[in-house]
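Please look through the sequence and the model before reading on.

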Amino acid sequence: QQRQIEAARSPGRSSERSKQQHELWHEICDTATPHGAMASRQLQVLSALDGAKTQLYHFRAIVVAGMGFFTDAYDLFCISLVTKLLGRIYYADPSSPNPGSLPPNVAAAVNGVALCGTLAGQLFFGWLGDKLGRKSVYGMTLMLMVVCSVASGLSFGHTPASVMATLCFFRFWLGFGIGGDYPLSATIMSEYANKKTRGAFIAAVFAMQGFGILAGGVVTLVLSTVFRNAFPGPAYQVDAAASTVPQADYVWRIILMLGALPAALTYYWRTKMPETARYTALVAKNAKQASLDMSKVLQSEIEAEPEKLDEIMARGEDYGLFTSRFAKRHGLHLLGTATAWFLVDVAYYSQNLFQKDIFGSIGWIPKARTMDALEEVFRISLAQTLIALCGTVPGYWFTVFLIDVIGRFWIQLVGFAMMTVFMLGLAVPYHHWTTPGNHVDFVVMYGLTFFFANFGPNATTFIVPAEIFPARLRSTCHGISAAAGKAGAIIGAFGFLYAAQSPDPAHVDAGYKPGIGVQKALYVLAACNLLGFLVTFLVPESKGKSLEEMSGEAHAEEGNGANKVCP
């Protein structure tokens with residue numbers, strides 16, 4: 001082969017190679033490297049995972065990992081359904097023409113504190129997942145979520161300030177546990193999946209977030225309906241004091257505590273999942289245990305190959321995160337995944353957490369003073385449930401079905417582009433949308449931004465970081481990317497709260513200063529989406545490639561003799 005290659009490369013009588021020589025050269029190279037080398041030098045246990053047919057264990061892993069994301073979404077977004085109710089219960093002033101509302105600093109804390117905890121959890125558990133193993137800390141995050149969901153609903157105190165302080169304390173630690181679920185679930189699913197359908201499997205885990213958001217709306221609808229029928233009250237403008245019945249205090253507590261249920265149901269199955277073969281072999285360097293674990297999972301005999309693992313490890317691929325080698329190989333990739341996630345979350349969390357304010361500003365939800373407390377909860381949850389049902393959930397599943405066909409790059413690129421278009425479509429003629437008769441069209445456009453967020457960057461920014469980094473840094477890099485996203489979510493949560501206030505002091509909510517208004521806030525979100533479109537070009541396509549092919553580890557592509565002569 002070496003002589004054939006040299007002969008094919010020599011110019012001969014002509015300054016250009018003949019077509020026959022050119023084809024022969026590439027045919028020999030393709031056979032020799034890198035695919036042939038990788039196939040022969042790849043650990044059998046990893047090759048078996050890459051080529052495994054879709055089996056029951058894949059779906060079990062999706063459900064077990066996905067229920068964590070179901071819980072994550074339920075816990076993070078259900079708070080937006082009850083913040084208006086919290087204001088009526090704890091900050092009521094019967095002499096005011098409008099119902100009580102949370103003071104700006106309290107509203108920002110209640111909406112944003114869980115996101116702060118999530119950011120910290122993503123960094124900490126992402127790092128810990130690479131140090132101790134994925135399985136070792138997987139159950140830990142879930143148990144933290146269970147305990148803190150229950151504790152959030154049990155927040156008691158003698159004053160409104162003490163109740164809110166207790167609620168924020170437990171929601172921070174709830175977010176800390178949720179944060180750990182991001183890098184661990186994504187990494188475990190990517191390392192279990194085969195390369196042909198890996199994108200769909202990771203996307204299916206993330207798609208459970210849509211069902212979590214939908215479940216939060218449905219649970220709130222049911223509870224508010226039950227309590228309204230059992231304890232009816234007059235509208236605020238009829239009788240301010242009686243419009244918030246004492247039993248309404250149970251509603252928000254039950255909603256928050258129910259978030260513990262799906263997490264508790266899947267805790268046992270998480271503890272029974274074996275450690276991923278890629279961590280056991282490539283990080284823990286135990287080829288025998290990796291082949292033993294996957295032999296049980298795949299129900300086939302897999303050779304341990306400790307000598308081949310030693311050969312792979314001898315290549316010196318143990319470079320760290322803060323090294324020039326990592327920066328050269330994956331620095332731009334990490335910048336791309338982190339920045340794209342940051343930008344999409346600024347827009348996505350602004351929209352999700354403050355739908356109630358946007359719907360109120362266009363008149364889709366009636367003025368608060370025309371309703372009692374529980375009717376307002378019902379109206380808010382109905383609006384958010386319809387958006388989730390028509391835009392959010394379908395977007396996730398379009399990604400699941402098409403990501404391994406279209407690819408991550410194009411889904412993210414088109415998603416950012418369409419989000420930009422629809423945000424501008426809402427912002428430019430904003431005053432048109434606020435006039436009576438146009439509200440339904442506004443909601444359709446608004447729903448389409450959610451559709452293309454989830455059939456776009458909201459899903460792909462979760463998937464790609466779990467595929468393109470080395471096994472020993474995969475969880476850490478995913479955690480860094482996710483934490484950048486949550487930094488964007490915090491900016492969205494805190495910033496939009498103030499920015500969306502009317503520039504006219506006469507129409508500003510109590511306790512707030514004039515802002516730039518909803519229209520200009522939508523322009524800012526459109527600009528974030530446009531930047532995300534540009535940043536997408538930093539992220540490589542991973543469709544159809546093995547994790548080791550993307551990260552450049554665990555095969556003998558480098559240093560192979562044929563590589564020195566092939567292009």
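A helix here is a DSSP run of H or I that holds at least four residues, and helices are numbered from the N terminus. The model is a predicted one. Is Ala-427 buried or exposed? Its relative accessibility is 0%, and residues under 20% count as buried, so Ala-427 is buried.

What does Ala-427 touch, apart from residues within four places of it in sequence? Its contacts are Gln-519, Leu-522 and Tyr-523. Along the chain, Ala-427 and Val-518 are 91 residues apart, yet 8.2 Å separates their C-alpha atoms.

These contacts lead to a pair of helices. Two packed helices are described by the angle between their axes and by the distance between those axes. For helix H19, residues 408-427, and helix H24, residues 517-535, the angle is about 165 degrees and the axes are 8 Å apart. Angles over 145 degrees count as roughly antiparallel, and therefore H19 and H24 are roughly antiparallel to each other. Their crossing is left-handed. On the H19 side, the residues that meet H24 include Leu-413, Phe-416, Met-423 and Ala-427. On the H24 side, the residues that meet H19 include Gln-519, Leu-522, Tyr-523 and Phe-533. Sorted by class, the contact of H19 with H24 has 14 nonpolar residues, four polar ones and no charged ones.

The second pair is helix H8, residues 134-153, and H11. Their angle is about 180 degrees, and their axes are 7 Å apart. H8 is therefore roughly antiparallel to H11. Ser-149, Val-150, Ser-152 and Gly-153 of H8 meet Trp-252, Arg-253, Leu-256 and Met-257 of H11. By class, the contact of H8 with H11 has four nonpolar residues, three polar and one charged.

Asp-249 is a residue of helix H11, which covers residues 248-257. With a relative accessibility of 19%, Asp-249 counts as buried. Which side chains make polar contacts with the side chain of Asp-249? One is that of Trp-252, at 2.9 Å. Another is that of Arg-253, at 3.1 Å. If residues up to four places away in sequence are not counted, Asp-249 touches Ile-89 and Tyr-90.

Now turn to the loops. Tyr-91 sits in the loop that runs between helix H6 (79-90) and helix H7 (104-132). Its relative accessibility is 23%, so Tyr-91 counts as partly exposed. Tyr-91 and Leu-102 are 11 residues apart in sequence, and their C-alpha atoms are 6.4 Å apart in space. Beyond its neighbours within four places in sequence, Tyr-91 is in contact with several residues, among them Leu-86, Leu-102, Pro-103, Pro-160 and Met-164.

The other loop lies between helix H13 (277-283) and helix H14 (287-298), and Lys-285 is found there. Lys-285 has a relative accessibility of 41% and so counts as partly exposed. What is the phi of Lys-285? The angle is near 60 degrees, a positive value in a residue other than glycine. For comparison, most residues other than glycine have a negative phi.

Key:
Residues numbered from 1 in each chain as written. Predicted model: local features only at pLDDT ≥ 70, side-chain atom pairs only at ≥ 80, totals over all residues. Heavy atoms only, no water. Axes fitted to C-alpha atoms, helices over the stretch in contact; angles between N-to-C directions. Helix = DSSP H or I, 4+ residues; strand = E, 2+ residues; numbered from the N terminus. Parallel < 35°, antiparallel > 145°, perpendicular 65-115°, else oblique. Left-handed = near helix turned anticlockwise from the far one by under 90°. Contact = heavy atoms within 4.5 Å. Nonpolar A, V, L, I, M, F, W, Y, C, P; charged D, E, K, R; others polar. Buried < 20%, exposed > 50% of the residue type's maximum accessible area, 1.4 Å probe, protein only. Polar contact = N/O pair within 3.5 Å; in protein donor to acceptor, adjacent residues only side chain to side chain.
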